[in-house]
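This report is meant for a reader who is meeting this structure for the first time. Please look over the sequence and the model before reading on.

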2 protein chains.
Amino acid sequence: MNHVHEALGVDLGGTKIRVARVTREGVILEKRVERVPKGRDAQLEVIFQNIQKLYSDRTIGVGLGFPGRVKVPEGIALTAGYLELKDLPLADLIRQHFSVPAFVDTDADMALLAETKMGAARGFKDVAMMTIGTGIGGAILFDGKMFYGNGSAAQLGHLTVDPRGPVCNCGRRGCIETLSSGSALGRLLAQTDLDRNIPATELIELAQKGHPVARQVLTEWITPLKMAIDSLYAVISPEIVLLGGGLGSAAFETLQLIQPAGSPWFHSRVAAGTLGDDAGVIGSGLCAWEKFGDQE
Amino acid sequence: MNHVHEALGVDLGGTKIRVARVTREGVILEKRVERVPKGRDAQLEVIFQNIQKLYSDRTIGVGLGFPGRVKVPEGIALTAGYLELKDLPLADLIRQHFSVPAFVDTDADMALLAETKMGAARGFKDVAMMTIGTGIGGAILFDGKMFYGNGSAAQLGHLTVDPRGPVCNCGRRGCIETLSSGSALGRLLAQTDLDRNIPATELIELAQKGHPVARQVLTEWITPLKMAIDSLYAVISPEIVLLGGGLGSAAFETLQLIQPAGSPWFHSRVAAGTLGDDAGVIGSGLCAWEKFGDQE
């Protein structure tokens, strides 16, 4: 009986950790959201404590979305710019601790899985997704299947659009993660007399009403993203690019409002994810169902 | 008897047109090379005249590599920055004129096909190729198959790396086609007191001997290409990136010499194509064999 079983989805963000009990249909039964603390041990502790609180004998497995590069077959976190969990065998640690199977992939892959099953990517087979939060993650679906390339592909936050841009966690300059992420928006706001923590929706409203500074901030924030989307179309030409993560809808609305110049050659079809911030945790749960659901 | 049959390969470059009689094994039996004239009618004439000169009743079909975006299923040239053959149904025109089947793809796809069958990409299944000549073309092989995406993918010359760069044929600024192509190298040289037409091999030799201007020109030429290669690895993470076209080897040697900074996250494996300028015409012939060889 499916309804007595559930998967645990864990979505590890640069700022927040979300853990949820998720049904086979992608319904969240219960969700916990906590801030990510500083320090490797504290980060691991908050992950394990929150899994523990939702774990039960109904749990068929754990899916975990990680905000960085992941060696997916081995379930190892390779790098995580905003976290201190480099080189950890996360899937193994969860398996050992809870005696349930676990699967680790990037948070963006998890989010795209959810959008594919029950969100804005339903019906599409070639999709790229950018998840815009503290950083920018990426995921690619080719012919209906998650695309890993020869290792860690789809790191779309590291499309580099400006050689004079800020230094990125990846060691280069001008990756869109440094220019069009939530952190970048915060830095742009800090250079103005606008409140650094103004919600993006309010900032967009201000710009719509003609506020020149709000418009300028949004232009500087969204133009690099548009360049990267055009580059992405030049390389893989997906059916659609989804903008997800906490700021996905805001980025989509800003693109409509500002309409930065692009190339007439590359007609980028862009949409906002429809599952918002829950996409990652739902996708992580659905992923666990996909991998371990038939073992119940 | 295969040896009495042959395919015609046509490689249309931004500067030169190459036509060759090609065996099933990719051996060139005879080749013609001519400069591309100005004007749409003159360009079509030189293409058809040169096909005519090599065409015979042994010809099983024509493969044509086009230096721009191609609607491959219909054989239509969509855009060609350096040529004036926009929106032409090239495959149909060849079919009607010579009564043999014809297939049109991008010149870079043709070159990658040749490198896959008998060059530097042999044994690899996930390959990206940049063809560096007058412009920069691109081709992607996924799982051993040419990748078209949802239309015209693999336009790798239009990875955009600098918002303040020169205006590109595609309408944007700072595409690597404007920064790391042969034309770009010529423009960089023209700003120095070096001969604008110095062969790339000599320029590299000068830089190896410590000539500061030669080194500076090569640094400015190759750094954007390195940025684009890193971006490409972030997106599709191929097994290898091949540098082909007339300047492929020079670009590869320059990368070794200058070693522009990259990202420690993206370990780009790069190699020079081994078929040089003939890759396109050989691949076009091999493509015709693949498509039409069983109809002889």
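How many residues of chain B are in contact with chain A, and how many of chain A with chain B? In this predicted model, 41 residues of chain B are in contact with 41 residues of chain A.

**The interface**

The area buried between chain B and chain A is about 3300 Å², and carbon and sulfur atoms give 60% of that area. Of the area that chain B buries against chain A, 23% is supplied by B:Arg172, B:Val235 and B:Trp265, which is more than any other three residues supply.

Four salt bridges are found across the interface of chain B and chain A, and 14 residue pairs are in polar contact there, counting pairs with both residues at pLDDT 80 or more. On the side of chain B that touches chain A, strand S9 (136-142) and helix H7 (212-235) of chain B are the elements that give two or more residues, and H7(B) gives the most, with seven residues. One salt bridge joins the side chains of B:Arg172 and A:Asp230, at 3.9 Å from N to O.

**The second largest pocket**

The second largest pocket holds about 750 Å³ of space. Its lining has 44 residues, of which A:Gly13, A:Gly14, A:Asp107, A:Gly133 and A:Thr134 are the closest to its centre. Several elements of chain A each supply at least two residues of this lining, among them strand S1 (6-12), helix H3 (107-118) and helix H9 (279-292).

The table sets out the classes of residue in the two places described above.

Key:
Residues are numbered from 1 along each chain as its sequence is written. Chains are lettered from A and ligands numbered from 1 in the order in which they are written. This is a predicted model: local features need pLDDT of at least 70, side-chain atom pairs count only at pLDDT 80 or more; totals for chains, interfaces and linings use all residues. Side-chain values use heavy atoms; hydrogens and water are left out. Contact means heavy atoms within 4.5 Å. Buried area is the accessible area (1.4 Å probe) that two parts lose on being put together, summed over both. A polar contact is a pair of N or O atoms within 3.5 Å; within protein, one must be able to donate a hydrogen and the other to accept it, and residues adjacent in sequence count only if both atoms are side-chain atoms. Helices (H or I, at least four residues) and strands (E, at least two) are DSSP runs, numbered from the N terminus. On a 1 Å grid over the protein atoms alone, a cavity is a set of points where a 1.4 Å probe fits but cannot get out, and a pocket is an open set with protein on both sides within 12 Å along at least five of seven lines; lining residues have an atom within 4 Å of a point. Grid points are joined across faces, edges and corners, and a volume is the space filled by probe spheres set on the points.
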